Amino acid sequence: MDITSAKFLKSAERLDQCPDHTLSEVCFIGRSNVGKSSLINGLTGHPRLAKTSGTPGKTKLLNFFVINEGAWCLVDLPGYGYAKVSQEQREKWDKTMQKYMMERENLALIVMLVDSRHDPLEKDLDMVFWLAEHQLPFILVLTKADKLSRNGQTQSKAKFRKALDEMNIETDIVLTSATTKDGMDLLRKTIIDFLPAASSTESS
Ligand code: GTP
Ligand code: MG
């Protein structure tokens, strides 16, 4: 099963504004500017589907995209840890996202993004720990791999694997680049493997 179509469905600011449907959802989380929206565009092959920007804090709402004419749904979330908004606004986003991840019954997978160029950051490891603690299904995706050499990519993956091992957390780690499309096929396959069988067949 591949991604053959992707269409914007709606944006939501709060949980009660999320689509009232039973489609399986796969959401993308990670620090602001890590490349969530770019990866959604790379995965779907639609370069302008999710809005991207070099300025952190571009995605301010939960944005829902329907895949394969109603087979399942991708959800682009605002980044966490964005410094240039008020503390109050940041806490509001964090709460909304936590609530979404904990309460959304049709959430099949959380794709957690971290920048492959940096050492694991405390904020990211806290989030990984929080996901594991709440027994939420998630995978770790390392972004912007095109900015590293082959050797750097291997080292980056090893560093994150070690950090997860130290927390006794077992999960897939996929190295990607939205620019070169490296890792895109593997990520697509990994995501689809998490979907219930009914979602990963062609449109319903
Ligand atoms: P927010 O919506 O602000 O939370 O950011 P985001 O995580 O959605 O990041 P976005 O996709 O908007 O990308 C942020 C910046 O990183 C943009 O300038 C992108 O062009 C750049 N970028 C994203 N992915 C890659 C990548 O794989 N390689 C390179 N070189 N740049 C990337
Ligand atoms: Mg974004």
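Colleague: Leaving aside neighbours within four places in sequence, which residues is valine 128 in contact with?

Modeller: Valine 128, a residue of helix H3, is in contact with Met112, Phe138, Leu140, Leu164, Met167 and Ile169, where contact means heavy atoms within 4.5 Å. Helices (H or I, at least four residues) and strands (E, at least two) are DSSP runs, numbered from the N terminus. The model is predicted: local features need pLDDT of at least 70, side-chain atom pairs count only at pLDDT 80 or more, and totals for chains, interfaces and linings use all residues. Residues are numbered from 1 along each chain as its sequence is written, chains are lettered from A and ligands numbered from 1 in the order in which they are written, and side-chain values use heavy atoms, with hydrogens and water left out.

Colleague: How far apart are the C-alpha atoms of valine 128 and isoleucine 169?

Modeller: They are separated by 8.7 Å, although the two residues are 41 positions apart along the chain.

Colleague: Why is valine 128 called buried?

Modeller: Buried means under 20% relative accessible area, exposed over 50%, and partly exposed in between (1.4 Å probe, protein chains only). Valine 128 has a relative accessible area of 2%, so it is buried.

Colleague: What makes serine 116 buried, and where does this residue lie?

Modeller: Its relative accessible area is 4%, and therefore serine 116 counts as buried. The residue sits in the loop between strand S5 (107-115) and helix H3 (122-133). Not counting residues up to four places away in sequence, serine 116 touches Leu142, Thr143, Lys144, Ala145, Leu148, Ser156 and Leu175.

Colleague: Is asparagine 33 buried, exposed or partly exposed, and what is its relative accessible area?

Modeller: Asparagine 33 has a relative accessible area of 35%, so it is partly exposed. It lies in the loop between strand S2 (25-30) and H1, and its phi is positive, about 80 degrees, although it is not a glycine.

Colleague: Why does glutamine 135 count as exposed?

Modeller: Because its relative accessibility is 72%, glutamine 135 counts as exposed. This residue belongs to the loop between H3 and strand S6 (138-143); its phi is near 55 degrees, likewise a positive value in a residue other than glycine.

Colleague: What makes leucine 61 partly exposed?

Modeller: The relative accessible area of leucine 61 is 31%, so the residue is partly exposed. It is found in the loop between H1 and strand S3 (62-67). Neighbours within four places in sequence aside, leucine 61 is in contact with Ser11, Ala12, Glu13, Asp76, Leu77 and Pro78.

Colleague: How do you know that H1 is mostly covered?

Modeller: Eight of the nine residues of H1 are buried: Lys36, Ser37, Leu39, Ile40, Asn41, Gly42, Leu43 and Thr44. Glycine 45 follows H1 and has a positive phi, near 75 degrees.

Colleague: Why is H1 called roughly perpendicular to H5?

Modeller: Axes are lines fitted to C-alpha atoms, for helices over the stretch in contact, with angles from 0 to 180 degrees between N-to-C directions. The axes of helix H1 (residues 36-44) and helix H5 (residues 184-194) come within 10 Å and cross at roughly 90 degrees. Angles under 35 degrees count as roughly parallel, over 145 as roughly antiparallel, 65 to 115 as roughly perpendicular and the rest as oblique; H1 is therefore roughly perpendicular to H5. Leu39, Gly42 and Leu43 of H1 make the contact with Met184, Leu187, Arg188 and Ile191 of H5.

Colleague: What makes a set of residues a nonpolar core, and how many residues has the largest one?

Modeller: A nonpolar core is a set of buried Ala, Val, Leu, Ile, Met, Phe, Trp, Tyr and Cys residues joined through side-chain atoms within 4.5 Å. The largest has 35 residues, and Tyr100, Met101 and Leu131 have the most contacts inside it. Another core, of 27 residues, lies apart from it and includes Val34, Leu74, Val174 and Ile191.
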